[in-house]
Amino acid sequence: MDKKVQKIMFFLGKGGVGKSTTSSLYAVEKSLTGEKVLLASMDPAHNLGDIFEMEMSGKPKALSKTLSVAEINLDYWVNHYLDDMQKQMTKSYSYLTALSLDKHFGIVRYSPGIEEYALLRAFTYFLNKYTQFDRIIFDMPPTGLTLKFLSLPKLSQIWLEKLVDLRNDIIDKKEIVTKIKFGNIELQRDKLLNKLNNQLNEYTDARKVLENQDRTQLVLVMNQDKLSLAESKLIVEKLKFAELKIRKVFINKFKAEIPVEELEKIFSEYEIRHYPLKDESITGLTNLEVYLKENGFLD
Ligand SMILES: Nc1ncnc2c1ncn2[C@@H]1O[C@H](COP(=O)(O)OP(=O)(O)OP(=O)(O)O)[C@@H](O)[C@H]1O
Ligand SMILES: [Mg+2]
């Protein structure tokens with residue numbers, strides 16, 4: 001029997017537009033239709049715990065038969081990534097231990113670019129580990145980090161392809177390969193090339209998942225105001241590099257600075273939804289359900 005492919009969604013948009021609120025509402029909505037949903041926050045400043053009014057952790061917590069929620073611990077995944085790198089380097093370049101690798105890794109921890117690698121690891125881990133869910137919804141961090149994360153597989157792929165070419169050139173010129181004979185077949189082996197190719201495969205796989213529109217959907221959340229419109233346009237533009245496309249636009253709540261018709265025209269190629277403003281924050285599973293019912297999302 002064919003198992004249905006697991007759906008993946010990313011909720012992105014300017015800070016404070018309502019990514020966490022609308023992704024929570026969407027997760028509750030889908031879970032009420034019987035889908036098994038995992039909602040996971042990738043934002044280091046988590047607030048799913050506040051929205052569902054209970055403590056969350058890096059492991060999915062079941063709130064009902066069909067809804068689980070997790071807050072991905074970015075620090076944990078940064079450490080995970082660095083430990084791995086350190087192990088690999090110590091193995092490959094044992095002479096470096098004399099140069100106190102530890103100290104250097106202490107610094108790398110704070111260097112830019114580590115967080116998106118860590119998020120990509122967490123992402124891959126979640127997809128492989130939590131296959132029992134029909135849908136995983138990711139509540140994303142601020143735009144800068146989100147765009148870096150979404151572009152990382154393509155960027156790394158470009159990088160690694162160049163490195164592989166370079167390595168092949170070196171191998172050709174210097175004949176540094178160990179040549180092994182198996183009967184008449186001569187196999188070429190080069191440790192570094194193997195490693196590069198393995199990494200290349202990982203990023204290529206991640207890219208395939210992100211670009212697969214039958215599986216992955218990007219949801220752009222915005223408000224009716226100039227700043228969130230400007231950032232939304234920027235997101236659409238920047239995603240072109242990663243060859244990714246927004247699928248849905250959720251217009252959430254307050255600030256009716258820009259007429260809704262105007263936004264509908266600008267984003268007419270996407271599926272649009274409206275999330276009305278409430279007098280107060282929508283928190284607690286019951287209130288999230290009430291909101292969905294009141295606003296016709298469960299019809
Ligand atoms: N439709 C709504 N009605 C009333 N309050 C809302 C609505 N949507 C969001 N809010 C409130 O607006 C604030 C920001 O929403 P939320 O935290 O969901 O945004 P966010 O995009 O996830 O923010 P951040 O970028 O900080 O993660 C919260 O206090 C939330 O309760
Ligand atoms: Mg949020």
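Reply: Glu 53 lies in the loop that leads from helix H2 (48-52) to strand E3 (61-62), where helices (H or I, at least four residues) and strands (E, at least two) are DSSP runs numbered from the N terminus. The model is a predicted one, in which local features need pLDDT of at least 70 and side-chain atom pairs count only at pLDDT 80 or more, while totals for chains, interfaces and linings use all residues. Residues are numbered from 1 along each chain as its sequence is written, and chains are lettered from A and ligands numbered from 1 in the order in which they are written.

Although Glu 53 is not a glycine, its phi is positive, at about 55 degrees. The residue counts as exposed because it has 11 C-beta neighbours inside 10 Å; on this scale a residue is buried if 20 or more other C-beta atoms lie within 10 Å of its own, exposed if 12 or fewer, and partly exposed in between, with C-beta atoms placed from the backbone. Glu 243, in the loop between helix H8 (226-239) and strand E9 (246-252), is another non-glycine residue with a positive phi of about 55 degrees, and with 11 C-beta neighbours inside 10 Å it counts as exposed.

H1 covers residues 19-32 and contributes 3 residues to the shell around ligand 1, the most of any element. That shell has 16 residues, and the closest are Lys 19, Ser 20, Thr 21, Lys 253 and Ser 281; a residue is near a molecule if its C-beta atom, placed from the backbone, lies within 6 Å of it. Sorted by class, the shell holds 4 nonpolar, 8 polar and 4 charged residues, where Ala, Val, Leu, Ile, Met, Phe, Trp, Tyr, Cys and Pro count as nonpolar, Asp, Glu, Lys and Arg as charged, and the others, Gly among them, as polar.

The length of H1 agrees with expectation, because its 14 residues should span 20 Å at 1.5 Å a residue and its end C-alpha atoms are 20 Å apart; the expected span is 1.5 Å times one less than the number of residues. H1 is mostly covered, with 12 of its 14 residues buried, among them Lys 19, Ser 20, Thr 21, Leu 25 and Tyr 26. After the helix comes Gly 34, with a positive phi near 100 degrees.

Within H1, Leu 25 is buried because 23 other C-beta atoms lie within 10 Å. Apart from residues up to four places away in sequence, Leu 25 touches Tyr 275, Leu 288, Tyr 291 and Leu 292, where contact requires C-beta atoms, placed from the backbone, within 7 Å. Its C-alpha atom is separated by 9.4 Å from that of Phe 297, which is 272 residues away along the chain.

Ile 137 is one of the residues that touch the most other members of the largest nonpolar core, which has 61 residues; the others named are Phe 11, Ala 40, Leu 119 and Phe 138. Helix H5 (residues 114-129) gives the most to this core, with 6 residues. Such a core is a set of buried Ala, Val, Leu, Ile, Met, Phe, Trp, Tyr and Cys residues joined through C-beta atoms within 7 Å.

Strand E2 (residues 37-41) has 5 of its 5 residues buried: Val 37, Leu 39 and Ser 41 point one way, and Leu 38 and Ala 40 the other way. In a regular strand the side chains alternate between the two faces of the sheet. E2 runs parallel to strand E4 (residues 67-71), joined by 5 bridges, with Ser 41 partnered by Glu 71. It also runs parallel to strand E5 (residues 135-139), again through 5 bridges, and there Ala 40 stands opposite Phe 138; two strands pair if DSSP finds at least two bridges between them.

As for the chain that holds these parts, its secondary structure comes to 10 helices and 10 strands, and 30% of its 299 residues count as buried.

Methods. Contact = placed C-beta atoms within 7 Å.
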